[in-house]
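Reader: Hey, could you walk me through this one? I'd like to go piece by piece.

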Amino acid sequence: DGLSEALERLHGGRYWRDWPEEADRRLFDPTPGQEEAAAAHLRQRLTAHLETVDAWSFIQFLLHRQHRALQERARELGLKLFGDMQIGLSPRDDWAAQGFLLRGYRMGAPPSRTTPAGQPWNHAVLDPRLYIVAGPDGSPEPGPALRFLHARMEKMFAEFDGVRIDHPHGFVCPWVYRADQDDSTLAVQAGARLFSSPDLPDHPELAEFAIARAEQLELDGPRHADGWVKDLD
């Protein structure tokens, strides 16, 4: 976070995708073969912006102390603090997590009774292929996507007495849409469910993630309908 703060200042406050230097944009997601160069660039950036990073870290330290005091005072009064965990990621997490995000897709809300046009939230999507990976001995273990999610949850439970997940369906079967279309509203309307799209002609990339087969779907209705999945085994 501190380094992101420094680079945002360096690049005139622009969103990280608009930073002019690719080495900064892909600092934590280097192209294959560029890992050592990325590590060297990271060390260079940290050294050059150490004052900003340290100041940012100190601010976070103060905020944590204030939050701890608030939590203790609330408990003295018999109150509990609940934290709101967003299904989406902050731009800074989006930047740092590129290596285990699903490329080419973003998360939103499908058309509904209350919002017929749908909602293109532009949230990142964790890559299901990186939920579980093979460990050093070949046995399965949590991959970077799940380790990141676990870290988020552990932090929330350490700092709050309970957690409310904003849009929990995003963890179950998120509505995803193509990120490369100019009109994001049209893109989200033509989206699909990440884990229940086994053979959609406009989203063939999602087939490998499907846990529902084609015969288990209600194909006569809209793909965002509650009854889209009829059966699961």
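Author: Here are a few spots in the chain, taken one at a time. This is a predicted model, in which local features need pLDDT of at least 70, side-chain atom pairs count only at pLDDT 80 or more, and totals for chains, interfaces and linings use all residues. Residues are numbered from 1 along each chain as its sequence is written, and side-chain values use heavy atoms, with hydrogens and water left out.

Reader: Buried or exposed?

Author: Pro 110 counts as buried because its relative accessibility is 13%. Buried means under 20% relative accessible area, exposed over 50%, partly exposed in between (1.4 Å probe, protein chains only).

Reader: And what is Pro 110 in contact with?

Author: Leaving aside neighbours within four places in sequence, Pro 110 contacts Thr 115, Gly 118, Trp 175, Arg 193 and His 224, with contact meaning heavy atoms within 4.5 Å.

Reader: What stands opposite Trp 175?

Author: Arg 193 in β8 does. Strand β7 (residues 175–178) pairs with β8 in the antiparallel sense over two bridges; pairing takes at least two DSSP bridges between two strands.

Reader: What's the strand order in that sheet?

Author: The order is β3-β2-β7-β8, an open sheet of four strands with antiparallel pairing. Its edge strands, β3 and β8 (192–193), each pair on one side only.

Reader: Switching topic: which residues of α6 are buried?

Author: They are Ala 145, Leu 146, Phe 148, Leu 149, Arg 152, Met 153, Met 156 and Glu 159.
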